[in-house]
Each structure stands twice: as C-alpha cells, then as structure tokens.
Amino acid sequence: MAEPILIGTRGWDRPEWTGAFYPEILPADWRLSFYANNLRSVLVPAETWEQGTASDVRLWATDVYAEFRFVLEMPVAAPDFLRRVEPIRSQVAGLLLRVPPVPDLSWLTARLGELAACFPACVDLPPDWRTPDVLGVLTARGVGLCWHADAEPLPVPGGRLMVALSSVREPKAQRHILEALHAWQGEGSAAAVFFDDPEAAQQARLLAELMAV
C-alpha cells in the first residue's frame, strides 16, 4: 500500500493568514503548533531554512507531533545541512531542491550526491535544465521532478519523492491532482502537494480522506 499523500502549504508563518486561519489572539510563535493541529505536513521554504538557526529547528521539533512531516525546500547553498536538520531528521519526508538559473551538471551531480543519499529528493527544474543529461542524473539517483500542477497536465514518472505545487481551490481540480499523484505513487514512494493557503490545503486533505489516497 502506498503511504497517504502529504498535503499542506508552503510555509506556515504567514501574517496575512491571521484572522482567517490563525486566530487574532494567537501569538506568532504558536503558529506552527496551531498549523500542525490542522494539517499534517508543510513545505519549509528555502528562505525560512536559510534564515533559521539550529535552535529554531529544535523548536520546530517540539511544536509538532511525531507523525507530522516536513519537506525541506533546499536553497542552492545550505551549509551545515545535516547538522541543522538533526532535531527533525525522523520527521523529514524529503527535500525539494532549488537549482541555479544557469544549468550546471557538475553542480547538480555533486549536490544530489550529498543530499539524495540522506533523504528522498525532488528537483524543481526550469525548462532550460531539462536536458537528457540532467534527467539522466535524476534517474540514476532515484530523484523525482517537481510537478507544477496548475500548468503541467501530469507528473513525470520516476523518483522516490514527488512534490506537487498548486494554488487551485476548485474541488474537481484538486481531485485531479490527488488522482494523478496516487497513480504516480508506488510502493516505497512518497507524494506530496502543497498549496498557497491553508483553506485550500484543508479542503484537499478532506478530499484525500474521502478518496482514501
């Protein structure tokens, strides 16, 4: 049986969600705990990871329950990654890797050699990067290709992790995304979809439960 699809948002610390998702009186440092009571996973943005400290990550671990899952959006450079991720290591479902604007096959090969050996990985590749040589590197390392679900009809096969990004709120469109991820997902693979706002994510989570995916 495939694992349930991870559903959440990109980031949780959004001041504009106060009053709609977060209660007005909720302190900012309680947001992750509140978020985790409503959704089961989150995509940690690259900028949060870049600006965060080891003590921040230790706090994340205390703010969520053991079954909660993080997907880390990795910036182009992430020094001391393995040391910093240690407090939440058991809760990291995988990595979404960002790449430099100019294709660099040697950089990608080295980066995936460092990261994909530790966690399932998915790469957000712009069109200029999608050459046979680059895609061959992903295939050789079991790395997936990020799916921009609002613009691309179906996820690309392959890899141990599929991260989909979407802003859709219409239930039929969300159902298509969930069905496509379920079809992609095989035994031993993990699939996730992250939305722009928590209301869309909560609706998709309810749909996924009704669909048993």
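My notes below cover one threonine and then the aromatic rings.

**Entry: the model.** I am reading a predicted model, so I keep that in mind throughout.

**Entry: Thr109.** I looked up where Thr109 sits and found it in helix 5, which spans residues 105–115. Is Thr109 buried, exposed or in between? Thr109 has a relative accessible area of 27%, so I wrote it down as partly exposed, since buried would need under 20% and exposed over 50%. Next I checked its contacts, leaving aside neighbours within four places in sequence, and noted Val137 and Arg141. I also looked up Glu67, 42 residues from Thr109 along the chain; the two C-alpha atoms are separated by 32 Å.

**Entry: ring pairs.** How many aromatic pairs does a search of the whole structure find? I noted 13. I looked up Trp17 and Phe21: their ring centres are 6.2 Å apart and their planes stand at 85 degrees, so I call this pair edge-to-face. Trp17 is buried at 7% relative accessibility, and Phe21 is buried at 8%. Then I turned to Tyr65 and Phe68, with centres 6.0 Å apart and planes at 85 degrees, so this pair is edge-to-face too. Here Tyr65 is partly exposed at 31%, whereas Phe68 is buried at 0%.

Methods. Residues are numbered from 1 along each chain as its sequence is written. This is a predicted model: local features need pLDDT of at least 70, side-chain atom pairs count only at pLDDT 80 or more; totals for chains, interfaces and linings use all residues. Side-chain values use heavy atoms; hydrogens and water are left out. Helices (H or I, at least four residues) and strands (E, at least two) are DSSP runs, numbered from the N terminus. Buried means under 20% relative accessible area, exposed over 50%, partly exposed in between (1.4 Å probe, protein chains only). Contact means heavy atoms within 4.5 Å. Rings of Phe, Tyr and Trp (its six-membered ring) pair if their centres lie within 6.5 Å; planes under 30 degrees apart count as stacked, over 60 as edge-to-face and the rest as tilted.
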